[in-house]
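Here is a short report for a first look. Please keep the sequence and the structure open while reading.

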6 protein chains.
Amino acid sequence: MNLALPFTRPPHPLQVEPIVRSALEEDLGRASDITSDLVIPPDTKVSAKLVARKAGVIAGVVAAECAFSLVDSSIAFHCELPDGSPCGGGSEIAKIEGPARALLTAERVALNFVGHLSGIATATHALVSAVKGTKARIVDTRKTTPGLRPLEKYAVRCGGGFNHRFGLDDAVLIKDNHIAVAGSITEAVRRARAGTAHMTKIEVEVDTLAQLEEALSVGADTILLDNMSLDDLRRAVALSRGRALLEASGGVTLGAVRGIAETGVDYISSGSITHSAPSLDVALDL
Amino acid sequence: MNLALPFTRPPHPLQVEPIVRSALEEDLGRASDITSDLVIPPDTKVSAKLVARKAGVIAGVVAAECAFSLVDSSIAFHCELPDGSPCGGGSEIAKIEGPARALLTAERVALNFVGHLSGIATATHALVSAVKGTKARIVDTRKTTPGLRPLEKYAVRCGGGFNHRFGLDDAVLIKDNHIAVAGSITEAVRRARAGTAHMTKIEVEVDTLAQLEEALSVGADTILLDNMSLDDLRRAVALSRGRALLEASGGVTLGAVRGIAETGVDYISSGSITHSAPSLDVALDL
Amino acid sequence: MNLALPFTRPPHPLQVEPIVRSALEEDLGRASDITSDLVIPPDTKVSAKLVARKAGVIAGVVAAECAFSLVDSSIAFHCELPDGSPCGGGSEIAKIEGPARALLTAERVALNFVGHLSGIATATHALVSAVKGTKARIVDTRKTTPGLRPLEKYAVRCGGGFNHRFGLDDAVLIKDNHIAVAGSITEAVRRARAGTAHMTKIEVEVDTLAQLEEALSVGADTILLDNMSLDDLRRAVALSRGRALLEASGGVTLGAVRGIAETGVDYISSGSITHSAPSLDVALDL
Amino acid sequence: MNLALPFTRPPHPLQVEPIVRSALEEDLGRASDITSDLVIPPDTKVSAKLVARKAGVIAGVVAAECAFSLVDSSIAFHCELPDGSPCGGGSEIAKIEGPARALLTAERVALNFVGHLSGIATATHALVSAVKGTKARIVDTRKTTPGLRPLEKYAVRCGGGFNHRFGLDDAVLIKDNHIAVAGSITEAVRRARAGTAHMTKIEVEVDTLAQLEEALSVGADTILLDNMSLDDLRRAVALSRGRALLEASGGVTLGAVRGIAETGVDYISSGSITHSAPSLDVALDL
Amino acid sequence: MNLALPFTRPPHPLQVEPIVRSALEEDLGRASDITSDLVIPPDTKVSAKLVARKAGVIAGVVAAECAFSLVDSSIAFHCELPDGSPCGGGSEIAKIEGPARALLTAERVALNFVGHLSGIATATHALVSAVKGTKARIVDTRKTTPGLRPLEKYAVRCGGGFNHRFGLDDAVLIKDNHIAVAGSITEAVRRARAGTAHMTKIEVEVDTLAQLEEALSVGADTILLDNMSLDDLRRAVALSRGRALLEASGGVTLGAVRGIAETGVDYISSGSITHSAPSLDVALDL
Amino acid sequence: MNLALPFTRPPHPLQVEPIVRSALEEDLGRASDITSDLVIPPDTKVSAKLVARKAGVIAGVVAAECAFSLVDSSIAFHCELPDGSPCGGGSEIAKIEGPARALLTAERVALNFVGHLSGIATATHALVSAVKGTKARIVDTRKTTPGLRPLEKYAVRCGGGFNHRFGLDDAVLIKDNHIAVAGSITEAVRRARAGTAHMTKIEVEVDTLAQLEEALSVGADTILLDNMSLDDLRRAVALSRGRALLEASGGVTLGAVRGIAETGVDYISSGSITHSAPSLDVALDL
């Protein structure tokens, strides 16, 4: 099974390249790869394989390819497992051929991207698999690594997940503190709606069924059910009768997620898929 | 016990600020924090606490303070637990006072830095504690998140670890592929030494005791013992008799690290402390 | 009447400052303001007024203040008419005091921002006033001047208008070409929904009532009625019965806009308020 | 008639590309063109025409070509009407072929450049045509849109106009406030000349014929006659007898410009051609 | 004697700061000043003097002050000898007080600016002094160090020299190759004048008196007499009778410059004052 | 003899290109090369030679090639004398063919790089030649031109020299002020070692033999003998018996350097090779 379509839509190269370039500059410092430049003759060519050492879901090959290409545009990169593909331990992700110096110079940055992003895709896919058969979709949060949000949200898509807000500006999310200052959910939603137009969704975070009722009555597009018990989630689903999309959050472990999904919520959001996913072990074998 | 001195030396603000600014720009997008701007009056002031929800070691408060200050320079930030401090679940890390809008706008970015970097410090500290009493020091690698190397290596220092190379340019590290192309360790080291001067260290990665012998004989400053058994590590220590610093790598889990340390090696390097440390749970309580 | 609240939410200073700094660098070139530096002694102080020469609605004072402050932080800027305020010919917008050199150096950049953005606010406000009493809201488009979208969309808010998408990434807008390639509105919406989650709105552009029917039946959130006659707009309103928000576009002149609004559509979008609004005449009087 | 030569000299690609790249990044945001990426298969190819919907003078095709090329270097762009060409309603400006996704992603940014810059070229050309047969040349000012000065001044050249100063640093322009602080025109010019060398022109703004006399007597290279009556302009021309170049400014409408030109001045400067020119209507037809 | 006025006009801080910031980032690398951070306690305060070890003319103190301020805004910097001042060996340029760490971190970058720019000011001043009493002014060229042109041209002003073009765009300079391609000086000047307006000077480089005659007859503003003998320079001065400004270049050594000046030329240009001036020895004494 | 190998390792193109691009942008300003664009038809092709006018050692051809390529990728650049090659007056460094406009536009920036960097390589090579036959290696310092450190240190390598620290972060260098604050060399080294790991060298600057003894006893890797007499240098060599690498600095003139080398020190560092090397005269002949 290839997960790639239709979930994977990589960010545009105009968005990926600056991040990869910046990572290479960080690694090259002020004096380039002094080991390879001193030890390896400039005309030595090699061929290498990018391989997964563990099973998981691949993400970030687009960034790895960009890294090799930025270091030396004569490197040939042939992708075997595109982003969004499941892999086993030992799976060959890509074949890479070109100058030995350049391959070794780009190696670590390329692996850092693939390892990190595949880790996120793999963690996402675990949750997605766990809720298979329910209608619940797994979504991410803004709990991402600074500077990598577009790529990490792409990795979530590679793992079969969906994307919540990309930032503070593309949707309204009214949380407890906003409600406290505004005085009520009703007033907070009124203010938000008075200043936004037809293309901006409004979500309200609620802790109780009473709050849920109020949020529904003022027409919130989406309601975030924060840390509710399974019973309350079920009641919330019953109560809302499809008037708003429901998102559950809090306590979303691999063990608990199916139970949450079976309450009938539409979305389950997880911060840990981006902020705590261990890197997937990948390597470059020459 | 405060771990902060002398290990913590934060990167200079000239290095931290651009990273934090960039993270804020990523979150603000093109239209700022539309929820807070619409729902909260501009003159509402609040006071908040940055708290740890789990035990660990704190890192990244310097980045959090920078985030609040960039969003609104009138925010007062009073640090209670500086970077490098151990914390318990519920520990108060800092007190923050200022405009409600600004606090909520900066909140997520600040938390993302503290959570991510404290996760690294905590994972590092676990290894450091495990080898306590031996002479082994825990060091990091270049397996860091793209764009965050200076901060992640700082987090390693906050956790009591030490820093390996910062990039491809500040030391020579001759690996198996370099040796293969050069023909021998001897030739590879000769080439490296011919092109570097007195302030550049040369490390050689070896897989066998025979290679170790060769590396020692050509005067490598440091030798990386890759994936050796405990027995071989012990033999390596005996064989080298202090002629070079010895670094062990491979299979460095929390369970295995003390055994490795007790072989007598000088350094133990771990990639997982930077690439796979789960985020420490921190929050902003208003 | 002050239009400022609740429509005006300026972009965050972290978003405004780089644009203003860049404009100043463009004007300073490689050798600074050679006229003022040569002709005016460094210790000459002046006081000046930023004034409107024509009636309109003010926008961009936040950028002007930023310009003066970047050129010399000792300049005192006192705003009399905040962004979103109506002005008459001769209205004083702000008082500015400080070193003569600095005021003259910043003058043109400051005026360019206020003139351009007030022109947009004024053009927007003209449409907003024309539809007063109807439920139609005026919204902008992505037809903005390259590099100034956040500020121009802010100027639209200052004029009483609302914001459509900020870019290609924060909402789905399915146009004729997308429909042609996908084969049908139904298929295009299906694909969009399969890849987006609960916080992303989907709008469909339609040319005919038949297309409108199809878009409604597949649950588009918003429907763009492109260049329809008033009669067709009325029929569209009747047909949709509130199942989706309706946006009219095309031929939105000052003369025509009220007629369009009275058909009952929810939104009327105009490109000319951003791409063709003449600058408002503003000046700095010393 | 093709206006292109010798007036059009586009800025160098090294100057154009960063501006276009930045405009694309502004439009792509954090998640790329989600509509096209979801709805259109990656291998769909299309062919399109860039067309003018109204008559005018074309400018900015170099920026449009750059936009398409940055989004996808495989796009073929064949220019039919180069910058500086007059166009009629319906004129085909360029043929564009390539991946449908990429064309739609680049479309709006490309159109924004061509529409905005052609608007400036068209407005400039109207003034240029109105003064045809006189010796007066139309010049621009520094009243340009922040960030676009090099392109807008190029658009002025495309329309047959000439360029005044590009910034505060490439020529001296002594205005009323400079004169007031220096004490006299004579002293102001003396100071300017003492600090500049042989490649820097000095212009003085005057309001009266007495001031003109003084400016001529101290050898100003160029004199700006600000808001003078036609009679005074004629007297100024007579008085100066070619001792300096004369530039008229103020009240330069399409109706008034020929009268001004016929007074015999050398240059007529207009801010409105850059700050208030309506966009030329251009579109991409697939 | 203080040379500072009226020649020194430092670039605006908005132009200086990015260059200084970039130099500090270059020196700080990825891990800051590890020596000072490890060896010196954070609360140690020191007071230091910036001193000249050799006689010359000072330039670049504005950059040094900026460097200290960027590293730590609490540093107090008191300038004793402003840019443009002559200094003797041992002269105190500035007093600096603040945290020891910060002073040592900023030291080298600050000294690099002052040493380099004072070297240029000193070399310029030597030529300026040598031509004292003649009407000739010393001017620089575009032979500057990449990235430092605004500061190096400022250093020339600090030394009493004047500035030629700042770049390829602020004046026309027709050289031998341009003439060869155009066919004649007359045609080249005609083309240049057809495309430039009243604020752009046109200079022509000539090798012979016949060329000079042609350049004068077509009204070049300035004429560059390239590598002419003293006799030919004298003839050129006689020939031109003030119809154009004359600039001599080639062989401008300290020994030869007075002879050149005494021929009566208006300007003498030197590349060596910017590309070959040895650094002035400056130091920071704690 | 070609000096190029193994000393020359140019910085990676990812490091060179931004510096060259920035230099071109500095020269192009806001309106490109107006002379060439106006005077030379776009289709004129030329062929040119990059030649040395004086003898020396070449460096910076990589930057020149990059400059021509950035201005116009159709320019053919054929290098005859690679970086690190000795040249005589008249030597042809490279052949360049392409559009005349582009060649002239890139000319000055290309020459500025080659002239400046070859000047450094030439000055370095003079010292290197002077110490030939001794074991002493010539090394540079951090006394480089702001913004050009990676290229200037490369030029030192092209001249046969070696590189000291690239910045404040890649090695510890304990100077007199650090020692004064720490209380003793012993304490300063102890603090440095407590915070650095196995890949960071520690150097101590000493003024006396007593200090040298202390530095040796605490195991400094390298010792900087500052401004010692030849007698003291000889004593220092005898005293250290190879326990540390010894670097002499101060008074390193071309006349004195061999004497210093013959004392037996390992390294001799010179600031003047980077901060005071006169430019090598190079030109572009069409």
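## A helix in chain F

Which residues in H6(F) are buried? They are F:Arg149, F:Pro150, F:Leu151, F:Glu152, F:Lys153, F:Tyr154, F:Ala155, F:Val156, F:Arg157 and F:Cys158. The model is predicted.

Helix H6 of chain F covers residues 149–158. Of its 10 residues, 10 are buried, so the helix is largely enclosed by the rest of the structure. The cut-off for buried is under 20% relative accessible area. Just after H6(F) comes F:Gly160. Its phi is positive, about 95 degrees.

## A threonine in chain B

Next comes B:Thr274. This residue sits in helix H12 of chain B, which covers residues 272–275. Is B:Thr274 buried or exposed? It has 3% relative accessibility, so it counts as buried.

The side chain of B:Thr274 has backbone oxygens beside one or another of its polar atoms. The backbone oxygen of B:Lys143 is 2.7 Å from a polar atom of that side chain. For the backbone oxygen of B:Gly271, the distance to a polar atom of the side chain is 3.0 Å. Leaving out residues up to four places away in sequence, B:Thr274 touches B:Ile120, B:Thr141, B:Lys143, B:Thr144, B:Thr145, B:Glu152 and B:Val156.

## Where chains D and E meet

How many residues of chain D are in contact with chain E? The count is 25 residues of chain D, in contact with 25 residues of chain E. Together the two chains bury about 2000 Å² between them. Carbon and sulfur atoms hold 61% of that area. On the chain D side, D:His198, D:Met199 and D:Lys201 lose the most area to chain E. These residues together account for 40% of what that side buries.

What kinds of pairing link the chains? There are zero salt bridges between chain D and chain E. Polar contact is found in 16 residue pairs, both residues at pLDDT 80 or more.

## The chain D side

Which elements of chain D give two or more residues to the side that touches chain E? They are strand S6 (137–139), helix H8 (185–195) and strand S10 (245–249). H8(D) gives the most, with three residues.

By class, this side of chain D has 10 nonpolar residues. It also has seven polar and eight charged residues.

Conventions: Residues numbered from 1 in each chain as written. Chains lettered and ligands numbered in written order. Predicted model: local features only at pLDDT ≥ 70, side-chain atom pairs only at ≥ 80, totals over all residues. Heavy atoms only, no water. Helix = DSSP H or I, 4+ residues; strand = E, 2+ residues; numbered from the N terminus. Buried < 20%, exposed > 50% of the residue type's maximum accessible area, 1.4 Å probe, protein only. Polar contact = N/O pair within 3.5 Å; in protein donor to acceptor, adjacent residues only side chain to side chain. Contact = heavy atoms within 4.5 Å. Buried area = accessible area lost by both parts, 1.4 Å probe. Salt bridge = Lys/Arg side-chain N within 4 Å of Asp/Glu carboxyl O. Nonpolar A, V, L, I, M, F, W, Y, C, P; charged D, E, K, R; others polar.
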